[in-house]
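Look at the fold below and follow how one residue sits among its neighbours.

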Amino acid sequence: MSILNTNNNTHDTAGLASKLVYKYGKEILNSKEFEQQKNFFQHGDHTVYKHSVDVAKKSAELALKYFHDVDYSSLIRGALLHDYFLYDWHEKNLPNKIHGFTHPSKAAKNAARDFGINHKEKIIIKRHMFPLTPIPPTIREAWIICIADKMCATHETVRGIIIKIGLYELLKIFNQRHHIRIPKLLSKIAVLDIIRSIYTFIINKKNGDFS
Ligand SMILES: [Fe+2]
Ligand SMILES: [Fe+2]
């Protein structure tokens, strides 16, 4: 679809992204099933619910700024459901110790059961952990979410560490004085790391190191 052609400034893009998330994610956002994610933490003090909504907004923002011909319905629904695994992954007695590798499949299964998902949404959910899971996304919507997820996760983790060591207030003052957003800066570094990982993956594939 084409709502693009954005000569939008950052503020307008963020506003438009939020509107798109509500427009295409309404059914999911208004459901009691999706609310369950408020019971589980993702990174730092962010619940899986907040993380998923933030990833949807960031994905829409990236799509508006850098991509054309994006299927916004699949993009936003896929982003909202990408971590719909519905358990506390910090739990020490969890039978499944390799959450990072297995939760995309679990999320896809739960999402299909509770909301019904199309083929694109399934790819988005199942491939979002690339390069931790080795099969890369094959559609642009899945690439966008793969990147947005890393940006949000890094931001949340760094923010959580800063709060934990008691430097949050100090950092806020520093940010206000020097206009430097350290978690945002680090999330940009995370994106560079993804690009590096993808490059390594392609080179390895060329050399026949992956089947
Ligand atoms: Fe995930
Ligand atoms: Fe995520």
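Beyond its neighbours within four places in sequence, I125 is in contact with G78, L81, H82, P104, A107, A108 and A111; two residues are in contact if their C-beta atoms, placed from the backbone, lie within 7 Å. This is a predicted model, in which local features need pLDDT of at least 70 and side-chain atom pairs count only at pLDDT 80 or more, while totals for chains, interfaces and linings use all residues. Residues are numbered from 1 along each chain as its sequence is written, and chains are lettered from A and ligands numbered from 1 in the order in which they are written.

I125 lies in helix α6. Helices (H or I, at least four residues) and strands (E, at least two) are DSSP runs, numbered from the N terminus. Is I125 buried or exposed? I125 is buried, because 31 other C-beta atoms lie within 10 Å; a residue counts as buried with 20 or more other C-beta atoms within 10 Å of its own, as exposed with 12 or fewer, and as partly exposed in between. The other buried residues of α6 include E121, I123 and I124. Among the elements that cover the buried residues of α6 are α4, α5 and α7.

One of these partners can be followed in detail. Two packed helices are described by the angle between their axes and the distance between the axes. For α5 (residues 99-114) and α6 (residues 119-127), the angle is about 150 degrees and the axes are 7 Å apart. Axes are lines fitted to C-alpha atoms, for helices over the stretch in contact, and angles run from 0 to 180 degrees between N-to-C directions. The pair α5 and α6 is therefore roughly antiparallel, the term for angles over 145 degrees. P104, S105, A107, A108 and A111 of α5 meet K122, I125 and K126 of α6. This contact of α5 with α6 has 5 nonpolar, 1 polar and 2 charged residues. Here Ala, Val, Leu, Ile, Met, Phe, Trp, Tyr, Cys and Pro count as nonpolar, Asp, Glu, Lys and Arg as charged, and the others, Gly among them, as polar.

Now take the chain as a whole. The chain has 9 helices and 0 strands, and buried residues make up 35% of its 211 residues. Of contacts between residues at least 6 apart in sequence, 69% join residues at least 24 apart.

Note on methods. Parallel < 35°, antiparallel > 145°, perpendicular 65-115°, else oblique.
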